[in-house]
Amino acid sequence: MPIPTSSLRSERICVWCGLALVVLLGVGFVLAGLVPPPSPASSGEQIRDFYAENADLKRVGIILLSVGGSLFLPFGVAVAAQLRRIEGPGSPAAYVQLGAATITAATTIIYTFMMLTLAYRPDGRSPDVMLALNDLAWLPFVGVWSPGALQAAAVAVAIFADRRPPGERILPRWLGWVSAWMAFTSLTGSLVPFFTDGPFAWNGLIGFYVAATVFLGWYLAVFTVLLRTTAPRVRGAAT
Amino acid sequence: MSTATESRQAERRIPGEAGLWAFILLDLVVFTVFFVTVLHYRGEAPAAFAAGQAELHGGLAVINTLFLVTGSLVVVRAVEAARSGAVLAARRCLTAAIATGCGFLAVKGLEYAFLLSEGYSIHDGTFYLCYFAFTGVHLVHVVVATAVLLFMRRALRAGSSPAPRLPLLEGGAAYWHMVDLLWLILFPLLYLSA
């Protein structure tokens, strides 16, 4: 059964959500002054001062983070649409991928809730509470890597299972390798909970900067491929 | 596969498949960041690095280096054997390579056990941070590379032509060589340099 043009157009919007989420997360982080993130070695007082400073700008930035975070869901739908074309009926990898994307969206929103709470009335809270809330937001935000890795792994599994001849493949094999690499490299995030400073801490060179580059880079790579994959289908359906 | 694609592939001669090299190059980039991190911390605390290196069990690391290099050698022989259609010889070489991978894992486990029982952990300063974290990440790579070798050996069945499996064999071999190469940089950096 041919897919209606309106559905393909909606799918196209979902693809663009991939770029939008990267931009929103990037702008949100910078605007909220979260690059670098507050140091895990900070005292409760320092954390309180951190969120009290430019509190309104922080709130705006964190709201952008939560909007960007919600877009993991529609982008996951765009990816699932392609994985279903590869897999056909059943499509286990497509479901796993979408489920993982949903978890990433949900948890990102939860972390931004916590950050909004931190920025809500920093002056009225005891430093201990600020410290605990800050840990609760940042440790899993940077340190929990499994939903993202699961999403990338599902994409890799589907691409490697594509038995079509090279010219007719739905998604390029290199994206499968890049996805496998993203999932594998994410394991480094396991080191984040062990440190309050140094390269693997949640504000460290590897724990934060390398991890963020790998994570967002993967979304950009998938976005670029989906943009090309879905373009001829929309044009083809419209004519 | 069409003959046109085949001849195009013959012209380009990339071992394995092109996409795998994206994986390998990206992994090398990340490890470059790791190596620069080690150099950075060594520059900050040369004395602590020298003291830390003196406590490591260099002999075990030398054995492990021999394991990986020997592994690389037999993996090359395995691919050569498969190319000439000698399935059994290829399987024997892969078995030997798998043994070197397992040997590396066992010796590394022993090394960690010694250090931990001597009271060292990842929290004892930047030298031990670098040592445990980066050898640990490399160890995970050896686990994957050894699993890939097992997969390669399973793909080679006695009595059937190994030709369709050559891209898999070449790709798996390339990955093993990368893991070997990373160790050949990590080993002097952590055990010898100060």
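How many helices and how many strands does chain A have? Chain A has nine helices and zero strands. Here helices (H or I, at least four residues) and strands (E, at least two) are DSSP runs, numbered from the N terminus.

## The model

This is a predicted model, in which local features need pLDDT of at least 70, side-chain atom pairs count only at pLDDT 80 or more, and totals for chains, interfaces and linings use all residues. Residues are numbered from 1 along each chain as its sequence is written, while chains are lettered from A and ligands numbered from 1 in the order in which they are written.

The model scores ipTM 0.87 and pTM 0.90. Chain B has an average pLDDT of 92, where pLDDT is the predictor's confidence in each residue, from 0 to 100. In chain B, 93% of the residues score at least 70.

## Chain A as a whole

From the N terminus on, the elements of chain A read α-α-α-α-α-α-α-α-α. Along the principal axes, its C-alpha atoms fill a box of roughly 60 × 35 × 25 Å. A compact globule of 239 residues would have a radius of gyration near 18 Å, and the 19 Å of chain A agrees with that. This radius is taken over C-alpha atoms, and the globule rule is 2.2 Å times the number of residues to the power 0.38.

Of the 239 residues of chain A, 46% count as buried. A residue is buried if 20 or more other C-beta atoms lie within 10 Å of its own, exposed if 12 or fewer, and partly exposed in between, with C-beta atoms placed from the backbone. Two residues are in contact if their C-beta atoms, placed from the backbone, lie within 7 Å. Take the contacts in chain A between residues at least 6 apart in sequence: 78% of them join residues at least 24 apart.

## Helix H7 of chain A

Helix H7 of chain A covers residues 146–161. Its 16 residues should span 22 Å at 1.5 Å a residue, and its end C-alpha atoms are 22 Å apart, which agrees. The expected span is 1.5 Å times one less than the number of residues.

Why is H7(A) described as largely enclosed by the rest of the structure? Because 12 of its 16 residues are buried. Among them are A:Pro147, A:Gln151, A:Val155 and A:Ala158.

## The nonpolar core

The largest nonpolar core has 117 residues. Such a core is a set of buried Ala, Val, Leu, Ile, Met, Phe, Trp, Tyr and Cys residues joined through C-beta atoms within 7 Å. The members that touch the most others include A:Val155, A:Ala158 and B:Ala78. Leaving aside neighbours within four places in sequence, B:Ala78 is in contact with B:Ala90, B:Cys93, B:Leu94 and B:Ala97.

B:Leu169 lies in helix H7 (residues 166–192) of chain B. B:Leu168 has its place in helix H7 of chain B.

Is B:Leu169 buried or exposed? B:Leu169 is buried, because it has 25 C-beta neighbours inside 10 Å. B:Leu168 has 19 other C-beta atoms within 10 Å, so it is partly exposed. Not counting residues up to four places away in sequence, B:Leu169 touches B:Val79, B:Ala82 and B:Met152. On that basis B:Leu168 touches B:Met152 and B:Ala155.

## Where the chains meet

In all, 18 residues of chain B are in contact with 20 residues of chain A. On the chain B side, helix H2 (18–44) and helix H6 (125–155) are the elements that give two or more residues. H2(B) supplies the largest share, 10 residues.
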